[in-house]
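Here are a few notes to read alongside the model. Keep it open and look up each residue as you go.

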Amino acid sequence: MKLIFIRHADPDYANNTITEKGRREAELLSERMASWKDITDIYCSPYGRAQDTLKPALLKMDRTAITLDWLREFDHHIIDPVSKKERSVCWDILPQNLYGQDKYFDREKWASLSYLKKAHIDTFYSQVCYGFDSLMEQYDYTRIAPKKAIYNCLPHLTDEEAAHDTHLKQIQKNLDNRNLVFVCHLGVMFAIIAHLTGTSPMQLWHGFFVAPTSVTVLGAEERVPGEAVFRVQTLGDIRHLTQGNEIPSASGFYGDVSAW
């Protein structure tokens, strides 16, 4: 199984949609998505910028998408511990504050800091994780324990194959050919990836950036028959933009993101 995460196009936050640049990005993305032949299901955030990003692709693919409320951006409000003002993105803090607290990098303690705890950010994060795991159960992937990023699944690998390290062979066995697409946001995407990889989401939110309409892929790896983990195979791929001579948007990044 592959999980394909797509960030929405260049956003027009004020009008809950995408900009004209974003519409060009969405059109290029739609051409790329239309070439994907083995998509099992498509899921989308309820926010306008995600819905409008996906529309051109759905038309080209003659598909529909399922809207999931927990795929909304992880934009829960907090009172900033430094400025004492309300902020709409709980995880966006300055580097000197981030690196001043080791708890931010602990997957179990990151939300225990007082200002995050007061805003119940751990509860909101748990809701995202629960929503994702509940969805995966529909595809027969069940997490073995809340703090273990391993999923029980229908075995696609035999004991004999596992014993012979088939995962190292040049020609790979297709363990599960289902592919799920999620059109959502940087914040919630990294929250889910943190859940899938046993990482503090703060590490991902601050250490990684993916441009609007970029494609990120996680693949299931079954080295033990019936037990799957997910690993990042592609992060923030924007080939559809570069091939279409569209400069990537820097929305959410404090600098230049021009592709090399």
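1. Start with Glu246: with a relative accessibility of 12%, Glu246 counts as buried (buried is under 20% relative accessible area, exposed is over 50%, partly exposed is in between, using a 1.4 Å probe and protein chains only). This is a predicted model, where local features need pLDDT of at least 70 and side-chain atom pairs count only at pLDDT 80 or more, while totals for chains, interfaces and linings use all residues. Residues are numbered from 1 along each chain as its sequence is written, and side-chain values use heavy atoms, leaving out hydrogens and water.

2. Which residue forms a salt bridge with Glu246? That's Arg24, with the closest N and O atoms 3.1 Å apart (a salt bridge is a side-chain nitrogen of Lys or Arg within 4 Å of a carboxyl oxygen of Asp or Glu). The pair links distant parts of the chain, 222 residues apart: Arg24 is in helix H1 (residues 20-34) and Glu246 is in the segment after helix H9 (239-243). Helices here are DSSP runs of H or I, at least four residues, and strands are runs of E, at least two, numbered from the N terminus. Arg24 is partly exposed at 44%.

3. Lys21, Arg24, Glu25 and Glu246 are linked in a salt-bridge network. By this rule the count comes to 14 salt bridges.

4. Have a look at Arg178 and Asp176 too: their side chains meet in a salt bridge at 3.0 Å, N to O. Asp176 is buried at 9%, and Arg178 is partly exposed at 22%.
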